[in-house]
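I opened the notebook to record what I looked up, entry by entry. The structure comes first, then my notes.

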Amino acid sequence: MEDLQSALSSHGVMVSFLPEKGRCLVSTKDFSPGEVIIWQEPYASIPNNNPIDLRCDGCFASSSLSSRLKKCSACQMTWYCGSICQKSEWKLHQLECRALVRLSEDRRKMVTPSIRLMIRLLLKGKLQVEEVIPTTATDKYVLVEALMDHMSDISEEKLVLYAQMANLVNLILPSLEINIKGVAQNFSKLACNAHTICDSELRPLGTGLYPIISIINHSCMPNSVLVFEGRLAVVRAVEPIAKGDEVSISYIEIAASTMTRQKALKEQYHFTCTCPRCVKVGLYEDLQESAILEGYRYKKIFVCQRCGLVRNQKDIQKIAGEVEELLEKASTSLSYGNHLEAGAMYKTIEQLQMKLCHSLSISLMRTRETLLKILMELKDWRGALAYCRLTIPVYQRVYPCIHPLLGLQYYTCGKLEWLLGDVLEALKSLTKAMDILRITHGTSTPFMKELLNKLEEARAEASYIQTNNQT
């Protein structure tokens, strides 16, 4: 523990303990918005490889960005972008590779990303014990052992599933003489401690276990944000953090009612949040917010809270049933790549939801987000821009003023406006995007450099237009 505290002190944080929460990360200095609090490489990670978007196991580079992506000739399950990543992973992968090669074709089909993540986690622990791979204060198996497993909180069904998965790992790695119970506990640890690794636009790339990042507790009003640069997890302050304050991030999608957030946290992370947003549960203010975000536009007597229109319960149930049925059909159509057909159905869903829900409804926002993506696939830039603009007032309502999703939505809006030749509006949107994303993402990544270039180009074009207008 002393070596960990010493290593963390250089970052300006320390591990502390709160009776109501357990371990937590506390600042030992002041942090300003945008300042990096801590960063960590994963103890173990695995990309979400699929035939459409293969990724390097070493750096998560996409096959669309690297034509040099090559498959491991032995196990046929691992990909690398080049010799640097292959060499950096070799000590671990050679053991993994031998284990995978021995499997029958049927067994190989059972090796899910979760199974491979566990295999890598256990093999790394073995190699560190044997001193083949070095350990550091922030990168050693004992930190994995210290994570909460919540085995006493999970269902019998999950206990059986984790035991089955542990047995499969034992069959894959017979030489390790695995403790089945211990591996089952590790699967439970992964379920509530592993993080989804995302790109700069928050699209999922894979899964990683970051034992130090996992010490940071949740808040629905977090003072920090977790983003990824490749596999590197980076936590930045999004508001001023004073010395002695607890550092917090959000574990879940916070665009939801208190009841929905509490349910999600309880089901996956096994705790009840007591942040400033959640302590208002059941109060008038919270009930009003929930009604707007997730309820229908009608009170118990089904009178519209906006226009006074009276509807009976059967009307509401009929519309809700039509929405549910159409959503299933539209989702299936979209999964097959039928963008025109799916777009038509989602527009019908939107019209029904407008009758049923508030204009700031989360479900209506999600439908419009989907329509935005569909229209961008169809290269209907004007239609996409219209839907992007419709989502922004809801984003402003459900997210803090400094939140990566709000910044990314402004960025999308700015790119569409620029594409359509609306330079002055594009400049406004790109400026708003930069004001947020420079805090959440920093300024050094290729993504942020691209945004900065677009912003500078928009400024130059806007200046040229204004100069011409004056003459």
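**Entry 1: L326**

In which helix does L326 lie? I found L326 in helix α10, residues 313-335. The model is predicted, and I read every value with that in mind.

I checked the exposure of L326 next. Its relative accessible area is 19%. The cut-off for buried is under 20%, so L326 counts as buried.

Then I looked up the contacts of L326. Leaving out residues up to four places away in sequence, L326 touches M345, T348, I349 and L352. I took I349 from that list and asked for the spacing. L326 and I349 are 23 residues apart in sequence, and their C-alpha atoms are 6.8 Å apart.

**Entry 2: E294**

I moved to E294, in helix α9, residues 284-294. Buried or exposed, or in between? E294 is partly exposed, at 38% relative accessible area.

Residues up to four places away in sequence aside, E294 touches A256, S257 and T260. I also looked up its distance to L352, a residue already noted as a contact of L326. E294 and L352 are 58 residues apart along the chain, with 15 Å between their C-alpha atoms.

Where does S214 lie? I placed S214 in the loop between β8 and β9 (217-218). S214 is buried, with a relative accessible area of 13%.

I listed its contacts beyond four places in sequence: L147, N193, H195 and Y251. I also looked up D139. The C-alpha atoms of S214 and D139 are separated by 13 Å, and the two residues are 75 apart along the chain.

N193 was on the S214 list, and I followed it up. N193 sits in helix α7. At 9% relative accessibility, N193 is buried. Its contacts, again without residues up to four places away in sequence, are L147, M148, L209 and S214.

**Entry 3: positive phi**

E177 is not a glycine, yet its phi is positive, about 50°. E177 is in the loop between α6 and α7 (180-193). Its relative accessibility is 70%. The cut-off for exposed is over 50%, so E177 counts as exposed.

L202 is the other one I noted. L202 has a positive phi of about 65° and is not a glycine either. I found L202 in the loop between β7 (195-198) and β8 (204-209). L202 is partly exposed, with 28% relative accessible area.

Two packed helices are described by the angle between their axes and the distance between the axes. I looked up both for this pair.

At what angle do α4 and α6 cross? Helix α4 (residues 113-129) and helix α6 (residues 156-172) cross at roughly 55°, and their axes come within 10 Å. That angle makes α4 oblique to α6. The crossing is right-handed.

On the α4 side, the contact is made by S114, I115, M118, I119 and L122. On the α6 side, I listed M165, L168, V169 and I172. By class, the residues of this contact are eight nonpolar, one polar and no charged.

**Entry 4: α2 with α4**

Helix α2 (residues 83-101) also packs with α4. The angle is about 125°, and the axes are 10 Å apart. The two helices are therefore oblique to each other. This crossing is right-handed.

From α2, the contact takes in K91, L92, L95, E96 and L100. From α4, it takes in R116, I119, R120, L123, K124, K126 and L127. The classes are six nonpolar, no polar and six charged.

**Entry 5: nonpolar cores**

In soluble globular proteins, nonpolar side chains tend to be buried together. I looked for the cores here.

Which residues touch the most other members of the largest nonpolar core? Of its 58 residues, they are Y346, V398, L437 and L451. Not counting residues up to four places away in sequence, L437 touches P404, G407, L408, G442, F447, M448 and L451.

A second, separate core has 40 residues, including L92, I119, M165 and V183. I119 and M165 are also in the contact of α4 with α6.

Key:
Residues numbered from 1 in each chain as written. Predicted model: local features only at pLDDT ≥ 70, side-chain atom pairs only at ≥ 80, totals over all residues. Heavy atoms only, no water. Axes fitted to C-alpha atoms, helices over the stretch in contact; angles between N-to-C directions. Helix = DSSP H or I, 4+ residues; strand = E, 2+ residues; numbered from the N terminus. Parallel < 35°, antiparallel > 145°, perpendicular 65-115°, else oblique. Left-handed = near helix turned anticlockwise from the far one by under 90°. Contact = heavy atoms within 4.5 Å. Nonpolar A, V, L, I, M, F, W, Y, C, P; charged D, E, K, R; others polar. Core = buried A, V, L, I, M, F, W, Y, C linked by side-chain atoms within 4.5 Å. Buried < 20%, exposed > 50% of the residue type's maximum accessible area, 1.4 Å probe, protein only.
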